[in-house]
Amino acid sequence: MAENCIDLSIIVPLLNEEECIVPLYNQLVPVLSGLGKSFEIIFINDGSSDGSSAVLSRLADADGNVKVINLRRNFGQTAAMSAGFDHARGGIIIPMDADLQNDPTDIPLLLAKLAEGYDVASGWRKDRKDKEAFRIFTSSLANRLIASFTGVKLHDSGCTLKAYRAEILKGTRLYGEMHRFIPALANLMGARICEVPVAHHPRAFGKSKYGFKRVLKVLLDLITVKFLADFSTKPLYMFGGIGIGLFMLAMFAGAETIWERIAKGTFVHNNPVILIAVFLGTLGVNFIVMGLLAELIVRTYHESQGKPIFLIRDSKNL
């Protein structure tokens, strides 16, 4: 991430939003100028095949506050957003969608929450205007799962409009569809998080890029976040716990074969339960060994990159 030297960085990833770019810019500039803060607007063109690149180029030529990043191909929203974070110079970073569904007039509301001492102010599209019932249903289900798994009780994890203190995003690497889990990752760092109701407008141009494929990606990423939250520094607790559980089941199955031999005279080679015992025992040992290997990988990861296993909010007289 670039060194902070301005107040605000607005991050706008986009894909084939040619008609929305200029209207969004015209809405953003008065709001940002009225705040009395220095700002930059970073558009990340995620491999658009329409005229988005030309429109962005004209805007950047006309306004030095507009920065443009053209990705070589379509890498996805998370990668595009990550590119914006890496090049942002603002002390506060605000991502938002380019489709005009987010309202720039809500930016002061998010900033007011950060001024109260919060590290993350997350937008909540309380009155959604999406036309697709499937999208609303899956989004609601995903939000409940994310809140349950991560412990971050947000009504709307999928809302792109959020405000972050830049230090929260430093060192955060995003993969898959992980951009919607940034508040959960920030929570692992001890960030103070709040939710702010924001406006949501119907899509005026283009079409939604949301689909069933993305739902599956979100579910898989949720498993990743849960693992990072609970076992990122002690993976043996998970793998070893499963391994010990399987090994105990193997011992129970083995005892069952012994009991049947004594009580019923059933020989081991005629008892299929012994196969279950051997299979569970082998699987249990494998999980424990996987946990030990994961321990080595985690220690190498933290020590080679100098990553601490703790984070300090502030200190005095050190």
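This is a predicted model: local features need pLDDT of at least 70, side-chain atom pairs count only at pLDDT 80 or more; totals for chains, interfaces and linings use all residues.
Let's start with the big picture. The protein has 318 residues, and 43% of them count as buried. Its secondary structure comes to 10 helices and 7 strands.

Now for the inside. In soluble globular proteins, nonpolar side chains tend to be buried together. Here the largest nonpolar core has 33 residues, and the members that touch the most others are I10, I41 and F43. Two or more residues of this core come from each of β1, α1, β2, α2, β4, α4 and β7. Helix α1 gives the largest share, with 6 residues.

Setting aside neighbours within four places in sequence, I41 is in contact with I10, V12, Y25, L28, V29, L32, N65, V66 and K67. Apart from this core lies another one, made of 30 residues, and V152, A166, A191 and V225 are among them.

Take α2, at residues 52-62. Its buried residues are S52, V55, L56 and L59. Look down the axis of α2 and these buried residues fall within an arc of 95°, so they line one face of the helix. There's a simple bit of geometry to have in mind here: an α-helix has 3.6 residues a turn, so residues three or four places apart point the same way.

Buried in α4 are I107, L110, L111 and L114. Seen down the axis of α4, they stay within an arc of 100°, so they too line one face of their helix. Their packing partners are β1 (6-14), α1 (18-33), β4 (90-95), β5 (120-125), β6 (162-165) and β7 (193-198). Just past the end of α4 comes G117, with a positive phi of about 115°.

From there, hop over to strand β7, where you'll find C194. Is C194 buried or exposed? It is buried, because its relative accessible area is 9%, and buried here means under 20%. Leaving out residues up to four places away in sequence, C194 touches K113, Y118, V120, A121 and S122. Then there's D119: C194 and D119 are 75 residues apart in sequence, yet their C-alpha atoms are 8.3 Å apart in space.

Searching the whole structure turns up 1 cavity of 30 Å³ or more. The largest cavity has a volume of about 40 Å³. Which residues line it? The lining is made up of M81, P95, S157, G158, C159, T160, K162, Y164, H179 and R180. By type, this lining splits into 4 nonpolar, 4 polar and 2 charged residues.

Conventions: Residues are numbered from 1 along each chain as its sequence is written. Side-chain values use heavy atoms; hydrogens and water are left out. On a 1 Å grid over the protein atoms alone, a cavity is a set of points where a 1.4 Å probe fits but cannot get out, and a pocket is an open set with protein on both sides within 12 Å along at least five of seven lines; lining residues have an atom within 4 Å of a point. Grid points are joined across faces, edges and corners, and a volume is the space filled by probe spheres set on the points. Ala, Val, Leu, Ile, Met, Phe, Trp, Tyr, Cys and Pro count as nonpolar, Asp, Glu, Lys and Arg as charged, and the others, Gly among them, as polar. Buried means under 20% relative accessible area, exposed over 50%, partly exposed in between (1.4 Å probe, protein chains only). Helices (H or I, at least four residues) and strands (E, at least two) are DSSP runs, numbered from the N terminus. The arc is that of the directions from the helix axis to the C-beta atoms. Contact means heavy atoms within 4.5 Å. A nonpolar core is a set of buried Ala, Val, Leu, Ile, Met, Phe, Trp, Tyr and Cys residues joined through side-chain atoms within 4.5 Å.
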